[in-house]
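Here's a quick tour of some aromatic contacts and the fold around them. Have the viewer open and follow along.

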Amino acid sequence: MPLSNDFFRAFHELPTSEGFHAHVGPLISFLAHYRGVKPHEASKWRENIEEFMTSVENELNNIVTRIKKGELDKIDMLEAFSTAAVFNNMTFIFANVINEAQNGPSNSAYHYLLDFCRPNDTFITFNWDTLLDRALAATGGWTPNEGYSISFSSALDTNWKKEVEALPNFNTNWKLLKLHGSTNWLVPLTHIHLKTFEYVSSVPKSDKIYLFWQSTFPYETHKNRWRGGYVPTCYCYYPPNIPAEAFPGDHLSAEPGRVFVKYTLVGIFSPFKELSGGGILSSPLLITPVRQKRYDMYQSTIENIWQKSLEVMRTADKIVIIGYSFPPTDTRILELLENALYLSQEGISVEIIAPDAKDIISRIGTEHLKKAKNIVTHSLKFEEYLQILSKDAPLLMKTAAAKYPEVRDWLERIYALGQASSEIFR
């Protein structure tokens with residue numbers, strides 16, 4: 001996936017950055033008016049995505065403060081509208097870059113990692129992409145219905161239905177906990193309200209989460225801008241609309257004394273008239289990369305995942321950290337790690353894999369790690385670490401068989417099958 005400094009370069013290399021099938025005008029306009037970046041030079045812009053989003057959020061917070069004090073004039077209001085529009089715009093741009101990057105064969109390095117994982121392992125990630133999700137599903141031992149530890153209201157699996165129909169071929173207890181959301185988790189459209197400039201949902205009474213899994217057939221989406229050619233969990237710029245019948249009637253009704261009005265400015269946002277798709281517009285559920293990350297918007301979902309993460313971490317015998325740099329702004333993950341180590345009854349080993357593993361230890365700080373049973377670092381890339389696991393596989397299996405009866409039974413069955421095969425071909 002594109003990293004913080006590569007994000008906008010990756011976006012401008014996509015066809016959606018130029019065509020009529022994606023609403024990217026607010027970003028281009030904002031850069032021109034408030035960053036001095038001319039439209040024809042936008043593709044060369046390289047600002048760090050987290051720093052950019054943090055600056056936009058700070059500007060929005062200042063606007064809200066000034067509104068409450070009655071200090072905004074007409075020029076300020078134009079800037080406020082532009083800032084809110086680009087903040088709304090960025091959620092879809094994030095999802096678009098990720099969907100295009102992951103759209104293809106799912107044979108990622110995660111597949112090889114799973115060869116060394118035990119049935120009760122849990123995977124905790126801050127990534128929005130679905131590469132690990134697809135690798136888990138491809139094993140036949142994980143499904144999205146229970147594997148995310150989220151109760152989805154419904155799922156798009158060719159059609160909208162109660163849950164994804166695929167059944168596991170074998171049983172594991174693998175869980176994938178995505179602490180910052182996922183591109184294939186959908187909620188009613190969330191946006192900055194252009195009157196209050198606060199983050200709101202288009203269906204404020206709903207706290208339901210919907211899952212997009214796969215569909216090779218067209219589905220309802222914004223302005224009917226469906227595009228095919230995407231693998232499971234991936235979609236074009238706009239995610240599927242959520243069926244209106246998925247919500248109680250009072251969730252979609254206007255407040256007493258108010259009425260909904262819909263209009264389209266033909267010729268401004270689109271050169272031709274477009275029919276609207278049915279259903280409720282959706283957004284991917286993403287905790288966007290700002291320094292003061294919003295954990296309160298999806299309290300009932302995201303908070304439950306964080307609590308689940310703490311529970312599995314504090315009862316683990318080992319925590320393996322791969323590629324996460326522990327930036328100073330992510331204070332909450334430091335608290336999570338420290339609490340897990342403190343609450344552990346047996347003690348937890350910590351293993352860190354990254355080219356700058358020793359620097360990561362410094363960023364975490366000895367105070368946060370003082371309760372660890374032991375700390376192991378590998379100054380390697382993820383792929384290089386997998387090669388080490390391959391070499392150590394016999395010893396790992398021997399150790400696991402001695403400690404876990406289910407592993408020993410499984411190895412004995414494999415050995416018995418191997419012996420039987422040898423007799424057949426002898």
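F94 is buried, at 1% relative accessible area (buried means under 20%, with a 1.4 Å probe and protein chains only). W128 also counts as buried, at 10%.

The model is predicted: local features need pLDDT of at least 70, side-chain atom pairs count only at pLDDT 80 or more, and totals for chains, interfaces and linings use all residues. Residues are numbered from 1 along each chain as its sequence is written, and side-chain values use heavy atoms, leaving out hydrogens and water.

## Aromatic pairs

There are 28 aromatic pairs in the structure (Phe, Tyr or six-membered Trp rings with centres within 6.5 Å; planes under 30 degrees apart are stacked, over 60 edge-to-face, the rest tilted). Take F87 and Y199: their ring centres sit 5.9 Å apart with planes at 85 degrees, so this one is edge-to-face. It links distant parts of the chain, with F87 in helix 4 (residues 74-102) and Y199 in strand 7 (residues 199-201), 112 residues apart. F87 is buried at 2%, and Y199 is buried at 16%.

Back to F94 and W128: their ring centres are 5.1 Å apart and the planes make 55 degrees, so the pair is tilted. Both rings belong to one aromatic cluster, whose members include F7, F8 and W45.

## The whole chain

Of the 426 residues, 46% count as buried. The C-alpha trace spans about 80 × 50 × 45 Å along its principal axes.

Terms used:
Buried means under 20% relative accessible area, exposed over 50%, partly exposed in between (1.4 Å probe, protein chains only). Helices (H or I, at least four residues) and strands (E, at least two) are DSSP runs, numbered from the N terminus.
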